[in-house]
Amino acid sequence: MRAGRALEAAVGRHRRRVTAAVIALLAGSAVTAFGVAPHVPDAADLPQRLIQQDLPGDPALQEQLLALDEHSLALYRSDLTRSGDTVDSLLKRLGVDDPEAARFLRQDPAGREVLAGRPGKMVQVLAEGGRMLALTLRAPSPLDERAATHFHRLEIKRLARGGFSARTAEVPYAVQTRLSSGTIVSSLYAAADDAKLPDSVTNQLAELFGADIDFRRELRRGDTFSVLYEGLMADGEPVAWAQGAGRVLAARFDNGGAVHEAIWFQEPGKRGAYFDLKGRSKNRMFLGSPLAFSRVTSGFAMRMHPISGRWSQHKGVDYGAPTGTPVRSVGEGVVTFAGRQNGYGNIVMVRHAGGHETRYAHLSRIAVRQGARIEQGQLIGAVGATGWATGPHLHFEFLVGGAQVDPVRMARASAPVTLSEAARASFAQSARSASLQLSAAAGAANLGERFE
């Protein structure tokens, strides 16, 4: 009798788990019925009779429920920080009811990192009975020079003697190759969002095929794309923030029946570049723009200076963009200056091969140091309005032999990267592998499916 009452009490406390077990047993029967249904009459047409019968208590089930009642489980839960989060709201979502832990997150300098800055940080807690045993935070690296390669990890642990300990580290990303596909309905970005592509991958796609497709005028409903890219992982979890992806490795875009392809390939001892699947370069020595997406507000021409009011030659190109927009180097080279300079405000100067130099002015922040060697496309700063600027924009100059020239003309005239004869066999093998994967993704897109 006593055992029966204990069993009844345990069942009451764990009603959801017992119900789930019964549903699982019934689901197994349903699968069997589904397998034979085509060979028998429709069950809805058969007479039905309800039978109720008390089942004898299962001693094994009784023992398991009593053990479950006495056992306390330590569980992991994960979530992302949200705009407007408080310590209490975050801990509540994570199943934590622990005043001591909440106090640590509010008052300790390390604990306050959890909700400081932008939302979207990855938080994981280990809790037992609502009591927090450990918390791990993963977020973008605050160090500009490591933002593309490392993430920031904060580990908080409860100490046996009371209180908490905290330690931080900058940890390298792991890279996982991912394959995705999409179909254009309204715009490239809408299709990419539907395919759950990171914005950085979409930006690379637009840049890769920007010379082949006018994405504002030539996109058609039903166009498809497929892309193979590097997904960044933080401790085995896909990165949730904007830097969630690395380089596009291969891509295909079908624009109204015209198919465009690109594959990343790097010869030993040379910088990597993009080629079509026949080995023809899609890269040049210099990028067409230091911003992925922007609008030219003032070209390389005569103009009325907005501050002095004088008619003069504008010896650069101005790109209008919001403050904080990433600025990248248009070519590989060495940083010769990174700091503040008169009307330029915050400026970075880069020396390239062949007596070429580029300048990036009015930056809100600088992400490189003088003397650093940088690659084409590398982050060097962010758009701002420092120096003589009437609003946020990037002033970009291109110099040859010390004299300013039209940056757009130089980008178009720069020499393409070429494959050596020795590398063509290796490239052909890489191209075949990439083509097979892109074809599989393109086929899935045509069927309305998606790789992720």
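Let me start with helix H5: on the face turned away from its buried side, this helix carries the exposed residues Pro-99 and Gln-107. Keep in mind that this is a predicted model.

H5 covers residues 99–107, and its buried residues are Ala-101, Ala-102, Phe-104 and Leu-105. Looking down the axis of H5, these buried residues fall within an arc of 160°, so they line one face of the helix. What covers them? The cover includes helix H4, residues 87–93, along with strands E3 (131–140), E4 (150–158) and E5 (164–172). At the N-terminal end, Asp-98 caps H5. A side-chain oxygen of Asp-98 lies 3.2 Å from the backbone nitrogen of Glu-100.

Next, a sheet. Three strands form an open sheet in the order E16-E22-E20, and the pairing is antiparallel. Strands E16 (326–328) and E20 (365–366) stand at the edges with a single partner strand each, so one side of each is left without a neighbour in the sheet. In general, strands of a sheet pair through backbone hydrogen bonds. Here, E20 is joined by two bridges to E22, residues 379–382, and the two run antiparallel. Which residue in E22 is the bridge partner of Arg-365? That is Ala-382.

Arg-271 sits in the loop between strand E10 (258–265) and strand E11 (273–275).

Technical notes: Residues are numbered from 1 along each chain as its sequence is written. This is a predicted model: local features need pLDDT of at least 70, side-chain atom pairs count only at pLDDT 80 or more; totals for chains, interfaces and linings use all residues. Side-chain values use heavy atoms; hydrogens and water are left out. Two strands pair if DSSP finds at least two bridges between them. Helices (H or I, at least four residues) and strands (E, at least two) are DSSP runs, numbered from the N terminus. Buried means under 20% relative accessible area, exposed over 50%, partly exposed in between (1.4 Å probe, protein chains only). The arc is that of the directions from the helix axis to the C-beta atoms. Contact means heavy atoms within 4.5 Å. A polar contact is a pair of N or O atoms within 3.5 Å; within protein, one must be able to donate a hydrogen and the other to accept it, and residues adjacent in sequence count only if both atoms are side-chain atoms.
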